[in-house]
Amino acid sequence: MESFWSDLGDKMKGAYEDAEKRSKKDLHMLSNIPSILSFLKDMNQEDLLLLLDQARKIKKRKNPKKPPINGDFYNMRDKLEPEDRVKIDEVRAFMLKEVEPIANDYWMRGEFPMHIIPKMRDLNIIGLTYEKKYGGQERSNLLEGMIGEEIARVDTSTCTFFGVHSGLALNSIYICGSEEQRMEFIPPMIRMEKIGAFALTEPDVGSAASMGLKTTCRREGDRWIISGEKKWIGNATFADYIIVWAKDEEDSQVKGFIVDRETPGLTTEKIEDKMSLRIVQNALIHMVDVEVPESRRLQNANSFKDTAKVLKMTRAGVAWQAVGCARGAYEHTLGYTMDRMQFGRPIASFQITQDMLAQMLSQLTAMQCLVGRLSELLDQGVMNDEQASIAKVFATVGCRAITSMSRELMGGNGILISNKVARFLGDAEALYSYEGTKQINSLVVGRAITGISAFV
Ligand SMILES: Cc1cc2nc3c(=O)[nH]c(=O)nc-3n(C[C@H](O)[C@H](O)[C@H](O)COP(=O)(O)OP(=O)(O)OC[C@H]3O[C@@H](n4cnc5c(N)ncnc54)[C@H](O)[C@@H]3O)c2cc1C
(Lines give C-alpha, C1' and ligand atoms only; values in the text may rest on other atoms or scores of the structure.)
Protein backbone atom coordinates (compact mmCIF):
# COMPACT_ATOMS: atom_id res chain seq x y z
CA MET A 1 0.00 0.00 0.00
CA GLU A 2 2.90 2.37 0.93
CA SER A 3 4.51 1.88 -2.49
CA PHE A 4 1.09 2.55 -4.14
CA TRP A 5 0.86 6.00 -2.48
CA SER A 6 4.51 6.85 -3.23
CA ASP A 7 4.15 5.80 -6.91
CA LEU A 8 1.00 7.92 -7.08
CA GLY A 9 2.91 10.86 -5.54
CA ASP A 10 5.57 10.58 -8.26
CA LYS A 11 2.95 10.46 -10.99
CA MET A 12 1.22 13.52 -9.52
CA LYS A 13 4.48 15.44 -9.48
CA GLY A 14 5.03 14.64 -13.16
CA ALA A 15 1.46 15.63 -14.01
CA TYR A 16 1.92 18.94 -12.18
CA GLU A 17 5.00 19.78 -14.18
CA ASP A 18 3.19 18.99 -17.44
CA ALA A 19 0.07 20.97 -16.42
CA GLU A 20 2.23 23.98 -15.53
CA LYS A 21 3.54 23.98 -19.08
CA ARG A 22 0.06 23.52 -20.67
CA SER A 23 -2.52 25.85 -19.10
CA LYS A 24 -3.73 27.51 -15.91
CA LYS A 25 -6.98 25.60 -16.18
CA ASP A 26 -5.22 22.22 -16.10
CA LEU A 27 -3.14 23.36 -13.16
CA HIS A 28 -6.23 24.46 -11.25
CA MET A 29 -7.92 21.10 -11.84
CA LEU A 30 -4.91 19.23 -10.48
CA SER A 31 -4.52 21.47 -7.43
CA ASN A 32 -7.44 19.80 -5.57
CA ILE A 33 -6.17 16.29 -6.06
CA PRO A 34 -3.53 16.15 -3.27
CA SER A 35 -6.10 17.07 -0.60
CA ILE A 36 -8.51 14.42 -2.00
CA LEU A 37 -5.72 11.83 -1.94
CA SER A 38 -4.70 12.62 1.61
CA PHE A 39 -8.35 12.27 2.65
CA LEU A 40 -8.56 8.86 0.94
CA LYS A 41 -5.30 7.74 2.51
CA ASP A 42 -6.78 8.20 6.02
CA MET A 43 -9.92 6.15 5.30
CA ASN A 44 -10.32 2.53 6.47
CA GLN A 45 -10.83 -0.27 3.96
CA GLU A 46 -14.55 -0.69 4.65
CA ASP A 47 -15.26 2.99 4.03
CA LEU A 48 -13.11 2.93 0.91
CA LEU A 49 -15.18 0.06 -0.51
CA LEU A 50 -18.41 1.92 0.27
CA LEU A 51 -17.04 4.98 -1.49
CA LEU A 52 -16.11 2.86 -4.48
CA ASP A 53 -19.70 1.55 -4.69
CA GLN A 54 -21.10 5.08 -4.61
CA ALA A 55 -18.60 6.25 -7.23
CA ARG A 56 -19.68 3.44 -9.55
CA LYS A 57 -23.35 4.49 -9.19
CA ILE A 58 -22.57 8.17 -9.80
CA LYS A 59 -20.56 7.26 -12.89
CA LYS A 60 -23.51 5.24 -14.12
CA ARG A 61 -25.94 8.13 -13.51
CA LYS A 62 -23.69 10.67 -15.16
CA ASN A 63 -23.45 8.79 -18.41
CA PRO A 64 -26.82 7.05 -18.81
CA LYS A 65 -27.58 5.70 -22.25
CA LYS A 66 -30.38 7.93 -23.53
CA PRO A 67 -33.08 5.89 -25.24
CA PRO A 68 -34.61 7.42 -28.37
CA ILE A 69 -37.55 9.75 -27.71
CA ASN A 70 -40.68 8.27 -29.26
CA GLY A 71 -44.26 9.04 -28.24
CA ASP A 72 -45.60 6.13 -30.33
CA PHE A 73 -45.23 3.59 -27.51
CA TYR A 74 -47.51 0.90 -28.96
CA ASN A 75 -46.13 1.27 -32.50
CA MET A 76 -49.31 2.62 -34.08
CA ARG A 77 -47.17 3.44 -37.10
CA ASP A 78 -46.97 -0.29 -37.84
CA LYS A 79 -50.68 -0.24 -38.67
CA LEU A 80 -49.89 1.77 -41.81
CA GLU A 81 -48.97 0.35 -45.19
CA PRO A 82 -45.26 0.80 -46.08
CA GLU A 83 -46.04 3.55 -48.64
CA ASP A 84 -48.12 5.37 -46.01
CA ARG A 85 -45.18 5.33 -43.62
CA VAL A 86 -43.14 7.05 -46.33
CA LYS A 87 -45.81 9.77 -46.45
CA ILE A 88 -45.63 10.20 -42.67
CA ASP A 89 -41.83 10.56 -42.92
CA GLU A 90 -42.23 13.22 -45.63
CA VAL A 91 -44.67 15.16 -43.46
CA ARG A 92 -42.32 14.91 -40.48
CA ALA A 93 -39.37 16.16 -42.54
CA PHE A 94 -41.47 19.05 -43.88
CA MET A 95 -42.67 20.07 -40.43
CA LEU A 96 -39.19 19.93 -38.92
CA LYS A 97 -37.62 21.89 -41.76
CA GLU A 98 -40.32 24.45 -42.61
CA VAL A 99 -42.48 24.95 -39.54
CA GLU A 100 -40.58 24.04 -36.37
CA PRO A 101 -37.97 26.82 -36.73
CA ILE A 102 -40.58 29.56 -37.21
CA ALA A 103 -43.56 28.37 -35.16
CA ASN A 104 -42.79 30.19 -31.89
CA ASP A 105 -42.09 33.46 -33.69
CA TYR A 106 -45.29 33.36 -35.80
CA TRP A 107 -47.29 32.28 -32.74
CA MET A 108 -46.01 35.29 -30.77
CA ARG A 109 -46.79 37.65 -33.63
CA GLY A 110 -50.18 36.07 -34.31
CA GLU A 111 -49.46 35.75 -38.01
CA PHE A 112 -49.83 32.92 -40.48
CA PRO A 113 -46.73 31.94 -42.53
CA MET A 114 -48.33 32.22 -45.97
CA HIS A 115 -45.10 31.06 -47.63
CA ILE A 116 -45.61 27.49 -46.37
CA ILE A 117 -48.78 26.98 -48.43
CA PRO A 118 -46.99 26.27 -51.76
CA LYS A 119 -44.54 23.99 -49.95
CA MET A 120 -47.38 22.15 -48.23
CA ARG A 121 -49.03 21.75 -51.62
CA ASP A 122 -46.04 19.67 -52.75
CA LEU A 123 -46.69 17.20 -49.93
CA ASN A 124 -49.97 16.12 -51.59
CA ILE A 125 -51.84 15.60 -48.35
CA ILE A 126 -55.17 17.30 -49.08
CA GLY A 127 -58.29 15.24 -49.84
CA LEU A 128 -56.27 12.03 -49.47
CA THR A 129 -59.29 9.80 -48.97
CA TYR A 130 -61.30 11.11 -51.93
CA GLU A 131 -61.79 9.31 -55.22
CA LYS A 132 -59.23 9.90 -57.93
CA LYS A 133 -61.78 11.62 -60.19
CA TYR A 134 -61.76 14.58 -57.77
CA GLY A 135 -57.95 14.58 -57.51
CA GLY A 136 -57.94 12.41 -54.39
CA GLN A 137 -55.75 9.38 -53.74
CA GLU A 138 -58.23 6.89 -52.21
CA ARG A 139 -56.01 6.40 -49.21
CA SER A 140 -57.06 5.59 -45.66
CA ASN A 141 -58.55 7.78 -42.96
CA LEU A 142 -55.97 6.25 -40.63
CA LEU A 143 -53.19 7.73 -42.75
CA GLU A 144 -54.97 11.09 -42.89
CA GLY A 145 -55.40 11.04 -39.11
CA MET A 146 -51.77 10.19 -38.49
CA ILE A 147 -50.71 13.00 -40.84
CA GLY A 148 -52.74 15.32 -38.61
CA GLU A 149 -50.93 13.90 -35.57
CA GLU A 150 -47.59 14.47 -37.26
CA ILE A 151 -48.40 18.10 -38.14
CA ALA A 152 -49.83 18.92 -34.69
CA ARG A 153 -46.83 17.25 -33.04
CA VAL A 154 -44.83 20.23 -34.26
CA ASP A 155 -47.48 22.94 -34.49
CA THR A 156 -51.20 22.63 -33.72
CA SER A 157 -52.02 25.90 -35.51
CA THR A 158 -50.65 24.55 -38.80
CA CYS A 159 -52.74 21.46 -38.22
CA THR A 160 -55.83 23.60 -37.63
CA PHE A 161 -55.20 25.43 -40.90
CA PHE A 162 -54.96 21.99 -42.55
CA GLY A 163 -58.10 20.76 -40.71
CA VAL A 164 -60.22 23.78 -41.64
CA HIS A 165 -59.21 23.65 -45.30
CA SER A 166 -58.98 19.89 -45.87
CA GLY A 167 -61.57 18.84 -43.29
CA LEU A 168 -64.32 21.37 -42.71
CA ALA A 169 -64.39 23.28 -46.00
CA LEU A 170 -63.54 20.47 -48.40
CA ASN A 171 -65.76 17.94 -46.63
CA SER A 172 -68.70 20.37 -46.78
CA ILE A 173 -68.43 20.31 -50.56
CA TYR A 174 -67.70 16.57 -50.70
CA ILE A 175 -70.58 15.61 -48.38
CA CYS A 176 -73.15 18.29 -49.21
CA GLY A 177 -72.23 19.35 -52.77
CA SER A 178 -73.71 18.10 -56.05
CA GLU A 179 -71.53 16.14 -58.46
CA GLU A 180 -70.97 19.32 -60.54
CA GLN A 181 -69.94 21.25 -57.44
CA ARG A 182 -67.58 18.48 -56.36
CA MET A 183 -65.96 18.41 -59.81
CA GLU A 184 -65.63 22.21 -59.92
CA PHE A 185 -64.39 23.03 -56.44
CA ILE A 186 -62.61 20.00 -54.99
CA PRO A 187 -59.66 19.60 -57.44
CA PRO A 188 -58.31 23.18 -57.07
CA MET A 189 -58.72 22.94 -53.31
CA ILE A 190 -56.83 19.64 -53.25
CA ARG A 191 -54.04 21.36 -55.19
CA MET A 192 -54.23 24.20 -52.62
CA GLU A 193 -54.69 26.73 -55.39
CA LYS A 194 -57.85 27.70 -53.56
CA ILE A 195 -58.09 27.75 -49.77
CA GLY A 196 -61.29 27.17 -47.84
CA ALA A 197 -62.91 28.30 -44.58
CA PHE A 198 -66.05 27.12 -42.76
CA ALA A 199 -68.44 29.61 -41.18
CA LEU A 200 -71.02 28.13 -38.81
CA THR A 201 -70.48 29.75 -35.37
CA GLU A 202 -71.88 33.20 -34.67
CA PRO A 203 -71.25 35.79 -31.94
CA ASP A 204 -74.49 34.74 -30.19
CA VAL A 205 -74.77 31.16 -31.42
CA GLY A 206 -72.01 28.67 -30.49
CA SER A 207 -72.94 25.30 -29.01
CA ALA A 208 -76.58 25.86 -29.93
CA ALA A 209 -75.94 26.09 -33.70
CA SER A 210 -78.36 23.22 -34.26
CA MET A 211 -81.15 25.18 -32.53
CA GLY A 212 -81.13 28.15 -34.84
CA LEU A 213 -78.63 30.38 -36.59
CA LYS A 214 -79.23 34.12 -36.72
CA THR A 215 -77.59 34.45 -40.13
CA THR A 216 -80.33 34.30 -42.72
CA CYS A 217 -80.60 33.50 -46.42
CA ARG A 218 -83.42 34.45 -48.76
CA ARG A 219 -83.98 33.20 -52.29
CA GLU A 220 -84.67 35.78 -54.98
CA GLY A 221 -84.93 34.09 -58.39
CA ASP A 222 -81.64 32.34 -59.16
CA ARG A 223 -79.70 34.07 -56.39
CA TRP A 224 -79.62 34.09 -52.59
CA ILE A 225 -79.23 37.06 -50.25
CA ILE A 226 -77.28 36.31 -47.06
CA SER A 227 -77.04 38.59 -44.02
CA GLY A 228 -75.60 38.07 -40.55
CA GLU A 229 -72.39 37.64 -38.57
CA LYS A 230 -70.01 34.75 -37.99
CA LYS A 231 -67.35 34.40 -35.31
CA TRP A 232 -64.12 32.43 -34.90
CA ILE A 233 -63.86 31.52 -38.58
CA GLY A 234 -60.40 30.01 -39.22
CA ASN A 235 -58.52 30.96 -42.42
CA ALA A 236 -61.26 33.52 -43.14
CA THR A 237 -58.95 36.53 -43.59
CA PHE A 238 -57.25 34.97 -46.62
CA ALA A 239 -59.41 32.03 -47.79
CA ASP A 240 -60.74 32.03 -51.34
CA TYR A 241 -63.98 30.24 -50.46
CA ILE A 242 -65.95 30.51 -47.23
CA ILE A 243 -68.60 27.86 -46.64
CA VAL A 244 -71.36 29.92 -45.03
CA TRP A 245 -74.23 28.25 -43.14
CA ALA A 246 -77.46 30.27 -42.90
CA LYS A 247 -81.10 29.78 -41.98
CA ASP A 248 -83.55 29.97 -44.87
CA GLU A 249 -86.17 32.65 -44.13
CA GLU A 250 -88.77 30.56 -45.93
CA ASP A 251 -88.50 27.06 -44.45
CA SER A 252 -86.25 27.85 -41.42
CA GLN A 253 -83.82 25.10 -42.46
CA VAL A 254 -80.02 25.51 -42.45
CA LYS A 255 -78.47 25.81 -45.92
CA GLY A 256 -74.82 25.99 -46.97
CA PHE A 257 -73.17 28.24 -49.56
CA ILE A 258 -69.77 28.42 -51.22
CA VAL A 259 -69.10 32.15 -50.95
CA ASP A 260 -66.16 33.99 -52.52
CA ARG A 261 -64.43 35.95 -49.77
CA GLU A 262 -64.33 39.02 -51.98
CA THR A 263 -68.08 39.11 -52.61
CA PRO A 264 -69.44 42.65 -52.02
CA GLY A 265 -71.10 43.00 -48.61
CA LEU A 266 -68.78 40.46 -46.92
CA THR A 267 -65.98 41.75 -44.69
CA THR A 268 -63.63 39.97 -42.29
CA GLU A 269 -62.08 41.26 -39.11
CA LYS A 270 -59.22 39.33 -37.54
CA ILE A 271 -59.59 38.31 -33.87
CA GLU A 272 -56.34 39.52 -32.32
CA ASP A 273 -56.26 38.72 -28.62
CA LYS A 274 -56.17 34.92 -28.54
CA MET A 275 -54.08 32.89 -26.07
CA SER A 276 -54.44 29.74 -28.17
CA LEU A 277 -53.67 28.79 -31.78
CA ARG A 278 -52.35 32.29 -32.37
CA ILE A 279 -51.04 31.37 -35.83
CA VAL A 280 -54.55 30.52 -37.04
CA GLN A 281 -56.28 33.55 -38.54
CA ASN A 282 -59.69 33.48 -36.87
CA ALA A 283 -62.08 36.19 -37.92
CA LEU A 284 -65.39 37.82 -37.37
CA ILE A 285 -67.33 37.92 -40.61
CA HIS A 286 -69.90 40.60 -41.32
CA MET A 287 -72.37 39.98 -44.15
CA VAL A 288 -74.83 42.57 -45.38
CA ASP A 289 -77.01 41.48 -48.31
CA VAL A 290 -74.32 39.24 -49.77
CA GLU A 291 -75.50 37.89 -53.14
CA VAL A 292 -74.70 34.28 -53.97
CA PRO A 293 -75.93 32.42 -57.08
CA GLU A 294 -78.08 29.30 -56.64
CA SER A 295 -75.24 27.35 -58.32
CA ARG A 296 -73.14 28.09 -55.19
CA ARG A 297 -75.72 26.68 -52.78
CA LEU A 298 -74.62 23.25 -51.57
CA GLN A 299 -77.25 21.17 -53.29
CA ASN A 300 -77.39 18.38 -50.70
CA ALA A 301 -77.44 20.55 -47.57
CA ASN A 302 -81.10 20.70 -46.63
CA SER A 303 -81.00 20.98 -42.83
CA PHE A 304 -78.60 21.09 -39.89
CA LYS A 305 -78.48 17.29 -40.03
CA ASP A 306 -76.38 17.64 -43.19
CA THR A 307 -74.04 20.15 -41.50
CA ALA A 308 -73.67 17.65 -38.65
CA LYS A 309 -72.46 15.01 -41.13
CA VAL A 310 -69.48 17.27 -41.88
CA LEU A 311 -68.81 17.89 -38.17
CA LYS A 312 -68.85 14.16 -37.45
CA MET A 313 -65.98 13.64 -39.89
CA THR A 314 -63.94 16.56 -38.65
CA ARG A 315 -64.33 15.64 -34.97
CA ALA A 316 -62.21 12.61 -35.75
CA GLY A 317 -59.62 14.99 -37.22
CA VAL A 318 -59.62 17.16 -34.09
CA ALA A 319 -59.12 14.06 -31.95
CA TRP A 320 -55.96 13.31 -33.97
CA GLN A 321 -54.83 16.92 -33.58
CA ALA A 322 -55.13 16.53 -29.81
CA VAL A 323 -53.02 13.37 -30.01
CA GLY A 324 -50.36 15.27 -31.97
CA CYS A 325 -50.37 18.29 -29.65
CA ALA A 326 -50.04 16.02 -26.60
CA ARG A 327 -47.33 13.96 -28.27
CA GLY A 328 -45.30 17.06 -29.15
CA ALA A 329 -45.50 18.26 -25.55
CA TYR A 330 -44.66 14.83 -24.10
CA GLU A 331 -41.68 14.21 -26.37
CA HIS A 332 -40.25 17.68 -25.83
CA THR A 333 -40.67 17.37 -22.08
CA LEU A 334 -39.06 13.94 -21.93
CA GLY A 335 -35.96 15.31 -23.68
CA TYR A 336 -35.92 18.32 -21.35
CA THR A 337 -36.08 16.19 -18.20
CA MET A 338 -33.10 14.15 -19.35
CA ASP A 339 -30.99 17.26 -19.96
CA ARG A 340 -32.08 19.49 -17.09
CA MET A 341 -29.81 18.96 -14.05
CA GLN A 342 -30.86 19.67 -10.47
CA PHE A 343 -29.16 18.40 -7.30
CA GLY A 344 -26.37 17.17 -9.57
CA ARG A 345 -28.67 14.78 -11.42
CA PRO A 346 -31.01 15.00 -14.42
CA ILE A 347 -34.54 15.71 -13.21
CA ALA A 348 -35.60 12.61 -15.21
CA SER A 349 -33.82 10.54 -12.53
CA PHE A 350 -36.30 11.55 -9.82
CA GLN A 351 -39.03 9.04 -9.06
CA ILE A 352 -41.82 11.63 -9.10
CA THR A 353 -40.70 12.86 -12.53
CA GLN A 354 -40.71 9.32 -13.91
CA ASP A 355 -44.17 8.73 -12.46
CA MET A 356 -45.47 11.84 -14.24
CA LEU A 357 -43.78 10.86 -17.50
CA ALA A 358 -45.35 7.40 -17.28
CA GLN A 359 -48.77 8.94 -16.62
CA MET A 360 -48.39 11.21 -19.63
CA LEU A 361 -47.29 8.35 -21.88
CA SER A 362 -50.06 6.01 -20.76
CA GLN A 363 -52.67 8.71 -21.40
CA LEU A 364 -51.12 9.50 -24.79
CA THR A 365 -51.01 5.82 -25.76
CA ALA A 366 -54.65 5.32 -24.77
CA MET A 367 -55.57 8.34 -26.90
CA GLN A 368 -53.65 6.98 -29.90
CA CYS A 369 -55.28 3.55 -29.63
CA LEU A 370 -58.79 4.97 -29.27
CA VAL A 371 -58.45 7.48 -32.09
CA GLY A 372 -56.67 4.90 -34.27
CA ARG A 373 -59.60 2.55 -33.84
CA LEU A 374 -61.97 5.41 -34.66
CA SER A 375 -60.19 5.92 -37.99
CA GLU A 376 -60.49 2.20 -38.71
CA LEU A 377 -64.25 2.42 -38.11
CA LEU A 378 -64.31 5.41 -40.46
CA ASP A 379 -62.39 3.42 -43.07
CA GLN A 380 -64.94 0.62 -42.75
CA GLY A 381 -67.73 3.19 -43.25
CA VAL A 382 -69.36 2.38 -39.88
CA MET A 383 -68.22 5.23 -37.59
CA ASN A 384 -71.17 6.91 -35.87
CA ASP A 385 -71.62 10.34 -34.23
CA GLU A 386 -71.15 9.18 -30.67
CA GLN A 387 -67.96 7.28 -31.49
CA ALA A 388 -66.51 10.44 -33.05
CA SER A 389 -67.68 12.54 -30.11
CA ILE A 390 -66.28 10.27 -27.40
CA ALA A 391 -62.89 10.22 -29.13
CA LYS A 392 -62.90 14.01 -29.44
CA VAL A 393 -63.69 14.33 -25.72
CA PHE A 394 -61.17 11.73 -24.56
CA ALA A 395 -58.34 13.04 -26.74
CA THR A 396 -58.84 16.72 -25.93
CA VAL A 397 -59.23 16.11 -22.19
CA GLY A 398 -56.06 14.00 -22.30
CA CYS A 399 -54.26 16.63 -24.36
CA ARG A 400 -55.06 19.28 -21.77
CA ALA A 401 -53.78 17.04 -18.95
CA ILE A 402 -50.58 16.07 -20.77
CA THR A 403 -49.67 19.61 -21.84
CA SER A 404 -50.33 20.79 -18.29
CA MET A 405 -48.03 18.12 -16.82
CA SER A 406 -45.42 19.04 -19.44
CA ARG A 407 -45.45 22.62 -18.30
CA GLU A 408 -45.19 21.54 -14.69
CA LEU A 409 -42.21 19.29 -15.36
CA MET A 410 -40.38 22.15 -17.04
CA GLY A 411 -40.71 24.42 -14.03
CA GLY A 412 -40.47 28.12 -14.79
CA ASN A 413 -39.11 27.39 -18.24
CA GLY A 414 -42.45 25.76 -19.01
CA ILE A 415 -44.17 29.12 -19.29
CA LEU A 416 -41.74 30.47 -21.88
CA ILE A 417 -42.94 30.27 -25.48
CA SER A 418 -39.30 29.78 -26.53
CA ASN A 419 -39.43 26.45 -24.71
CA LYS A 420 -42.30 25.31 -26.93
CA VAL A 421 -44.43 23.52 -24.36
CA ALA A 422 -46.27 26.74 -23.40
CA ARG A 423 -47.44 26.97 -27.02
CA PHE A 424 -48.83 23.42 -26.86
CA LEU A 425 -50.47 24.21 -23.51
CA GLY A 426 -52.23 27.26 -24.95
CA ASP A 427 -53.22 25.46 -28.14
CA ALA A 428 -54.80 22.58 -26.21
CA GLU A 429 -57.43 25.02 -24.92
CA ALA A 430 -58.91 25.72 -28.37
CA LEU A 431 -58.94 22.01 -29.28
CA TYR A 432 -60.92 21.39 -26.10
CA SER A 433 -63.60 23.90 -27.13
CA TYR A 434 -63.93 23.89 -30.91
CA GLU A 435 -65.89 21.43 -33.04
CA GLY A 436 -68.20 20.94 -30.09
CA THR A 437 -67.07 21.57 -26.53
CA LYS A 438 -66.39 18.72 -24.13
CA GLN A 439 -69.90 19.12 -22.71
CA ILE A 440 -71.66 19.14 -26.08
CA ASN A 441 -69.79 16.06 -27.33
CA SER A 442 -70.46 14.32 -24.01
CA LEU A 443 -74.16 15.06 -24.51
CA VAL A 444 -74.00 13.39 -27.93
CA VAL A 445 -72.57 10.30 -26.22
CA GLY A 446 -75.03 10.56 -23.32
CA ARG A 447 -77.98 10.73 -25.70
CA ALA A 448 -76.77 7.60 -27.52
CA ILE A 449 -76.16 5.49 -24.43
CA THR A 450 -79.23 6.52 -22.42
CA GLY A 451 -81.68 7.23 -25.20
CA ILE A 452 -82.43 10.56 -23.48
CA SER A 453 -81.45 13.90 -24.99
CA ALA A 454 -80.11 16.25 -22.31
CA PHE A 455 -79.22 19.14 -24.61
CA VAL A 456 -81.88 21.52 -23.25
C1 LIG B 1 -59.69 28.85 -31.97
C2 LIG B 1 -61.07 28.58 -32.43
C3 LIG B 1 -61.31 28.28 -33.75
C4 LIG B 1 -62.59 28.08 -34.23
N5 LIG B 1 -62.81 27.88 -35.56
C6 LIG B 1 -64.08 27.84 -36.04
C7 LIG B 1 -64.32 27.79 -37.44
O8 LIG B 1 -63.41 27.75 -38.26
N9 LIG B 1 -65.62 27.78 -37.86
C10 LIG B 1 -66.68 27.82 -37.00
O11 LIG B 1 -67.81 27.80 -37.46
N12 LIG B 1 -66.47 27.86 -35.67
C13 LIG B 1 -65.20 27.88 -35.16
N14 LIG B 1 -64.97 27.94 -33.80
C15 LIG B 1 -66.12 28.02 -32.89
C16 LIG B 1 -66.30 26.82 -31.99
O17 LIG B 1 -66.82 25.76 -32.71
C18 LIG B 1 -67.14 27.27 -30.80
O19 LIG B 1 -66.31 28.05 -29.98
C20 LIG B 1 -67.74 26.12 -30.03
O21 LIG B 1 -68.72 25.47 -30.78
C22 LIG B 1 -68.36 26.59 -28.69
O23 LIG B 1 -69.19 27.68 -28.88
P24 LIG B 1 -68.98 28.99 -27.97
O25 LIG B 1 -67.53 29.33 -27.97
O26 LIG B 1 -69.90 30.03 -28.45
O27 LIG B 1 -69.34 28.56 -26.49
P28 LIG B 1 -70.80 28.49 -25.84
O29 LIG B 1 -71.72 27.76 -26.72
O30 LIG B 1 -71.19 29.85 -25.40
O31 LIG B 1 -70.51 27.60 -24.56
C32 LIG B 1 -69.95 28.13 -23.34
C33 LIG B 1 -69.92 27.00 -22.32
O34 LIG B 1 -71.25 26.52 -22.07
C35 LIG B 1 -71.28 25.11 -22.24
N36 LIG B 1 -72.60 24.69 -22.75
C37 LIG B 1 -73.30 25.19 -23.79
N38 LIG B 1 -74.43 24.53 -23.96
C39 LIG B 1 -74.48 23.56 -23.00
C40 LIG B 1 -75.41 22.53 -22.65
N41 LIG B 1 -76.55 22.32 -23.32
N42 LIG B 1 -75.10 21.74 -21.60
C43 LIG B 1 -73.94 21.90 -20.93
N44 LIG B 1 -73.04 22.84 -21.20
C45 LIG B 1 -73.29 23.65 -22.24
C46 LIG B 1 -70.19 24.83 -23.24
O47 LIG B 1 -69.76 23.49 -23.17
C48 LIG B 1 -69.10 25.81 -22.79
O49 LIG B 1 -68.39 25.28 -21.73
C50 LIG B 1 -63.68 28.13 -33.31
C51 LIG B 1 -63.45 28.36 -31.97
C52 LIG B 1 -62.16 28.59 -31.52
C53 LIG B 1 -61.95 28.90 -30.08
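Predicted model: local features only at pLDDT ≥ 70, side-chain atom pairs only at ≥ 80, totals over all residues.
Let's start with helix H5, residues 82-109, and helix H7, residues 141-154. Their axes lie 8 Å apart, at an angle of about 25 degrees. Angles under 35 degrees count as roughly parallel, so H5 and H7 are roughly parallel to each other. The crossing is right-handed. Who meets whom? On the H5 side, the residues include Ile88, Val91, Met95, Leu96 and Val99. On the H7 side, they include Leu143, Met146, Ile147 and Ile151. By class, the contact of H5 with H7 has 11 nonpolar residues, five charged ones and no polar ones.

Stay on H7. It also packs against H10. Here the axes are 7 Å apart, and the angle is about 40 degrees. That makes H7 and H10 oblique to each other. H7 passes H10 in a right-handed crossing. From H7, the contact takes in Gly145, Gly148 and Ala152, among others. From H10, it takes in Ala316, Gly317, Trp320 and Gly324, among others. The contact of H7 with H10 splits into seven nonpolar, six polar and four charged residues.

Now follow H10, residues 304-339, to its contact with helix H13, residues 421-433. Their axes come within 10 Å and cross at roughly 160 degrees. So H10 is roughly antiparallel to H13. How does H10 pass H13, left-handed or right-handed? The crossing of H10 and H13 is left-handed. In H10, the contact residues include Val318, Ala322, Cys325 and His332. In H13, they are Val421, Phe424, Asp427, Ala428 and Leu431. The contact of H10 with H13 counts eight nonpolar, four polar and one charged residues.

H13 leads us to the ligand. H13 is one of the elements that supply at least two residues each to the shell around the ligand. Which element gives the most? E3 does, with three residues.

In total, 22 residues surround the ligand. The closest are Thr201, Gly206, Ser207, Thr437 and Gln439. By class, the shell has 11 nonpolar residues, 10 polar ones and one charged one.

Where does the ligand lie? Domain 3, 197-296, gives residues to the shell, and so does domain 4, 306-450; therefore the ligand lies between these two domains.

Note on methods. Residues numbered from 1 in each chain as written. Axes fitted to C-alpha atoms, helices over the stretch in contact; angles between N-to-C directions. Helix = DSSP H or I, 4+ residues; strand = E, 2+ residues; numbered from the N terminus. Parallel < 35°, antiparallel > 145°, perpendicular 65-115°, else oblique. Left-handed = near helix turned anticlockwise from the far one by under 90°. Contact = placed C-beta atoms within 7 Å. Nonpolar A, V, L, I, M, F, W, Y, C, P; charged D, E, K, R; others polar. Near = placed C-beta within 6 Å. Domains from an automatic or database assignment.
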